[in-house]
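Biologist: Could you walk me through how to read a pocket and a sheet in a model like this one?

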Amino acid sequence: MPTYKLTYFNVRALGEVIRQTFKLAEVEFEDVRVALESWPGEYKDKTPFGQMPVLEVDGKPIPQSFAIVRYVASQHGLAGKTPFEAAWVDAIADQWKDFQSEFRNYWYILMGYRQGDAEKAKTEHGETARDKFYPLIVKQLKDNGSGFLVGASATWVDLLLADQTAAIQKELPGFLEKYPEVIAHSDKVRAIPQIAKWIAERPESRG
């Protein structure tokens, strides 16, 4: 079994889906959390692209969060059971990226990462992105019929969406009330024993 070392900040964000994929697979990994003030001087120049997260596999680095999670998931049966399923997992993840590129214009203001008018951003970006993306997810859940997004069991894209749904529910109660299927999906994924245990025990961090 390879050794895995994941290096990221002490936030969930781009690192959490990787952590949860390891936990769902029941694979040990070293979870290194870098203090923000240590990043420029101690870590940045040592990473392949000057970014985190970075996963080291037997000491060899892989950059970029989606490349990392696809690698880990494919190694442990969590990227779809067939090539067709794997393509759909990737398609939903790429659609999530499109959603995120617009939604973050609201989310970053809400969370205090960026200055701006939160109410204006909610209308122009948050609600607009929500109402483009979540109907697609509702349809996919209904078409798939298992309670998961692709196939009969959880994949890494279920973890990705469920974690963000939970974060939105926490920070914006009622924001997703038009999409109860999405909330039910998040609850189902987060009730998987390995994930529920991780959520209960993981270090305190922001979304």
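Modeller: Gladly, and let's begin with residue classes: Ala, Val, Leu, Ile, Met, Phe, Trp, Tyr, Cys and Pro count as nonpolar, Asp, Glu, Lys and Arg as charged, and the others, Gly among them, as polar. This is a predicted model, in which local features need pLDDT of at least 70, side-chain atom pairs count only at pLDDT 80 or more, and totals for chains, interfaces and linings use all residues. Residues are numbered from 1 along each chain as its sequence is written, and side-chain values use heavy atoms, leaving out hydrogens and water.

Biologist: How much space lies in the largest pocket?

Modeller: The general idea is that rolling a probe the size of a water molecule over the atoms shows where empty space is left. A pocket here is an open set of points, on a 1 Å grid over the protein atoms alone, where a 1.4 Å probe fits, with protein on both sides within 12 Å along at least five of seven lines; lining residues have an atom within 4 Å of a point. Points are joined across faces, edges and corners, and the volume is the space filled by probe spheres set on them. In this case it comes to about 720 Å³. Of its 26 lining residues, Ala13, Leu14, Trp96, Gln100 and Tyr108 are the closest to the centre.

Biologist: Which elements give two or more residues to the lining?

Modeller: Helices (H or I, at least four residues) and strands (E, at least two) are DSSP runs, numbered from the N terminus. Those elements are H1 (13–25), H3 (65–75), H4 (83–110) and H6 (156–171), and H4 gives the most, with seven residues. By class, the lining holds 14 nonpolar, seven polar and five charged residues.

Biologist: What is the strand order in the open sheet?

Modeller: Strands pair if DSSP finds at least two bridges between them. The four strands run E2-E1-E3-E4, with mixed pairing. E2 (30–34) and E4 (60–63) are the edge strands, each with a single partner, so one side of each lacks a neighbour in the sheet.

Biologist: Which senses do the pairs take?

Modeller: E1 (residues 4–9) and E2 are parallel over five bridges, with Lys5 bridged to Glu30 of E2. E1 and E3 run antiparallel, joined by four bridges, and Tyr4 has Val57 of E3 as its bridge partner. E3 and E4 are antiparallel over four bridges; Leu55 is partnered by Ile62 in E4. Their hairpin has two residues between the strands, and Asp58 takes a positive phi near 50 degrees.
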